[in-house]
Amino acid sequence: MATTAQLFEEPFDADEYIERLAWRTPGGGSKGGAEAFDPKRLLDEFENHIEELKQLDERIQRRVEKLEHQCHREAKEFAHKVQDLQRSNQVAFQHFQELDEHISYVATKVCHLGDQLEGVNTPRQRAVEAQRLMTYFNEFLDGDLRSDVFNNPDKIKEAADIIQKLHLIAQELPFDRFADVKAKIASKYHDLERQLIQEFTAAQRRGEIGRMREVAAVLLHFKGYAHCVDVYIKQCQEGAYLRNDVFEDTAGLIQRVNKQVGEVFSSPETVMAKLIQNIFENKLQAHIKEKLDETRHSDVEQYLKNLYDLYTKTTALATKLTEFNLGSDKHTFLSKLIKSIFSSYLESYIDMEREYLRTRGAMILQRYYDSKNHQKRPIGTGSIQELKERFRQRTNLALGPSIDTHGETFLSPELVVNLLQETRHAFERCHRLSDPSDLPKNAFSIFLLLVDHLCVEHIDYALEIGLSAIPSSDAKNANLYFLDVVQQANSIFHLFDKQFNDQLMPLISSSPKLAECLHKKKEVIEQMEVKLDIGIDRTINCMVGQMKHILATEQKKTDFRPEDENNVMIQYTTACSKVCAYVSRQVEHVRKSMDGKNVDTVLTELGVRFHRLIHEHLQQYSYSSMGGMLAICDVAEYRRCAKDFRVPLVLQLFDTLHALCNLLVVAPDNLKQVCSGEQLTNLDRNLLHAFVQLRVDYRSARLGRHFS
């Protein structure tokens, strides 16, 4: 195995190297078995290989020393070269400094010489220019314009420069001596000015931007430069308004001419501002005036819509125009243009808005009542009416005969949507068209109209009609529609509240009007809640009255004292069955008509009165043993019906009543024990005694002794 440096390159594994060496040695590996293994031969091979490794190490060491010596020698040579370069660089830097000083000296001399030449040349040029102007002035003085510059159309630019200077000079000359020449110069001045404007107009029509720029630069020093700008503005609008949308046409026109104005005029922001002002004060103002004046007195609704749309489009256009260079204060500039167009319309806007809403709301209401063939009843506001209202709130009694509405609630979701829709549009217009300082006040006035039409004229009126339609508590087979009124009024007020939060609040949230709006809303809610409470209470009274009527007509005294004690086949009485059916219908009606905690509140009140009625009803009869069992069955059915209320208090009351009915059937000896039971122990002894007295065997069994 030849020994070379390549064998020891990374990655090197010494164990693997020894194994490979032993394997290559005859008799040194496992090949041939244990008999073929020759340790002496392997040892000789290892010793020889170690000698070869030593020789290889010496060769490598000599080579490393040689390379190190060569590296030191080259490093010294490189250091010498760097020193030589540094010395050369230093010499070059010194030469550069000397050259820089010499250039500065020469430049100073040249500047000084230039100043001297300019000092000599400037007066000379002025003299030459003055002589040239005097020559041209003499031609005007003689009345004979011989110079080619005044007669050659191709030299109009040079002629314009001369005549502009002569015009300035002529203005300083005394009028009495030079009146004639001043008139000639002025005439030539205006003639050249007219020619330049005509040339500019022709170049604009040909689309020659370079020529337009040249002529505009010449006219810049003339009084007619403003007229040149006017001509440009007028001509660039020709053919620009071909569509029906003047706002889109305007935006497109400005977009097109913006680049051209920057290339032609030296102050493009001034020209762009003048162009926009011209469009606003002429094209837009005429369009807006035409649109608004044709409907202002004939169709207020369309007028308000047009005003909103036109103002919105105009402000949107102004927003687009802020992208262009119109000077430093372009926002104020555009705001003034908009104000100049719309100021006369915006001043009267809120008055027209209120009048429109007042008329529109009244029309929507009247149209609804006409569709129902209903003549609105006047709701009195005098002292007698107020006295009746207070008396009704305190006594909960109907004052005057009830009216039959035939199930009509006089509440219309369609009417409400129409009113809210009109008000929403009014709020949107108010937000857009009102001055920021007047916005809260205007929004509040719109809100008051909504309250008047929706809450007072519609909901409150429906509640008044609903209250008047509630029959007396002793009416038979009465139809109770007030809960339907409650349901619809509740739904309507949710819509009203949503508009209050979504539309009105953003307009007044940061103003003192917020407190007024919240107070007004609270006042309206409280007024309606009072009437709703009165109506619900009277409706419950009617329900209880209907139950009382069923019990009075269906319950017989013999129900609880049957003639044949051993032949009672019914589970509960007919009166109980009909009352439970009626109560279940009313509970379901309440659940459909109310929401949230109001359901539990109303059902609790109904349940308590239902229990009181049954409790008082049962105390009107005397009970045999089998009659008492039937009474217990009735109360069990009443209790099952009470579970539909889902009110723990009502169920507890009927549980107690069921326990009291057990006193009607318990054996006399067990009576005292039952009275001490868990459900009866906390009740008044007089109440227990009263129930026991209802038993037919009260005297014969001497049951009174248990309460003495």
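Helices (H or I, at least four residues) and strands (E, at least two) are DSSP runs, numbered from the N terminus. By this definition, the protein chain has 23 helices and zero strands. The structure is a predicted model, in which local features need pLDDT of at least 70 and side-chain atom pairs count only at pLDDT 80 or more, while totals for chains, interfaces and linings use all residues. Residues are numbered from 1 along each chain as its sequence is written, and side-chain values use heavy atoms, with hydrogens and water left out.

**Overall chain**

- Of the 708 residues in the protein chain, 38% are buried, where buried means under 20% relative accessible area, exposed means over 50% and partly exposed lies in between (1.4 Å probe, protein chains only).
- Among contacts between residues at least 6 apart in sequence, 75% join residues at least 24 apart; a contact means heavy atoms within 4.5 Å.

- Two packed helices are described by the angle between their axes and the distance between the axes.
- Axes are lines fitted to C-alpha atoms, for helices over the stretch in contact, and angles run from 0 to 180 degrees between N-to-C directions.
- Helix α12 (residues 349-371) packs with helix α15 (residues 439-469) at an angle of about 10 degrees, and their axes are 10 Å apart.
- That angle makes α12 roughly parallel to α15; angles under 35 degrees count as roughly parallel, over 145 as roughly antiparallel, 65 to 115 as roughly perpendicular and the rest as oblique.
- The crossing of α12 past α15 is right-handed; a crossing is right-handed if the near helix is turned clockwise from the far one by less than a right angle, and left-handed if anticlockwise.
- On the α12 side, the contact is made by I350, E353, R354, L357, R358, G361, A362, L365, Y368 and Y369. On the α15 side, N442, S445, I446, L449, H453, E457, H458 and Y461 take part.
- By class, this contact of α12 with α15 holds nine nonpolar, five polar and four charged residues. Ala, Val, Leu, Ile, Met, Phe, Trp, Tyr, Cys and Pro count as nonpolar, Asp, Glu, Lys and Arg as charged, and the others, Gly among them, as polar.

**Packing of α17 and α18**

- The axes of helix α17 (residues 513-554) and helix α18 (residues 574-593) cross at roughly 165 degrees and come within 8 Å.
- These two helices, α17 and α18, are therefore roughly antiparallel to each other, and their crossing is right-handed.
- In the contact, C542, M543, Q546, M547, I550, L551 and E554 of α17 meet T574, A575, K578, V579, Y582, V583, Q586 and V590 of α18.
- The contact of α17 with α18 has, by class, 10 nonpolar, three polar and two charged residues.
- Q586, located in helix α18, counts as buried at 10% relative accessibility.
- Leaving aside residues up to four places away in sequence, Q586 touches L480 and M543.

**Aromatic pairs**

- A search of the whole structure finds 14 aromatic pairs. Rings of Phe, Tyr and Trp (its six-membered ring) pair if their centres lie within 6.5 Å, and planes under 30 degrees apart count as stacked, over 60 as edge-to-face and the rest as tilted.
- Y232 and F265 form an edge-to-face pair, 5.3 Å centre to centre with 75 degrees between the planes.
- Y232 lies in helix α7 (residues 225-236) and F265 in the loop between α8 (246-264) and α9 (268-293), so the pair ties together parts that are 33 residues apart in sequence.
- Both partners are buried: Y232 has a relative accessible area of 0%, and F265 one of 4%.
- The ring centres of F493 and F496 are 5.1 Å apart and their planes stand at 40 degrees, so this pair is tilted.
- F493 and F496 both lie in helix α16 (residues 482-508), three residues apart, or about one turn of the helix.
- F493 is buried with a relative accessible area of 13%, and F496 is buried with 1%.
- Ring pairs link F447, F493, F496 and F500 into a cluster.

**Residues with positive phi**

- Most residues other than glycine have a negative phi.
- N373, which is not a glycine, has a positive phi of about 55 degrees. N373 is placed in the loop between α12 and α13 (383-395) and counts as exposed at 74% relative accessibility.
- F410, also not a glycine, has a positive phi of about 60 degrees. F410 lies in the loop between α13 and α14 (413-433) and counts as buried at 8% relative accessibility.
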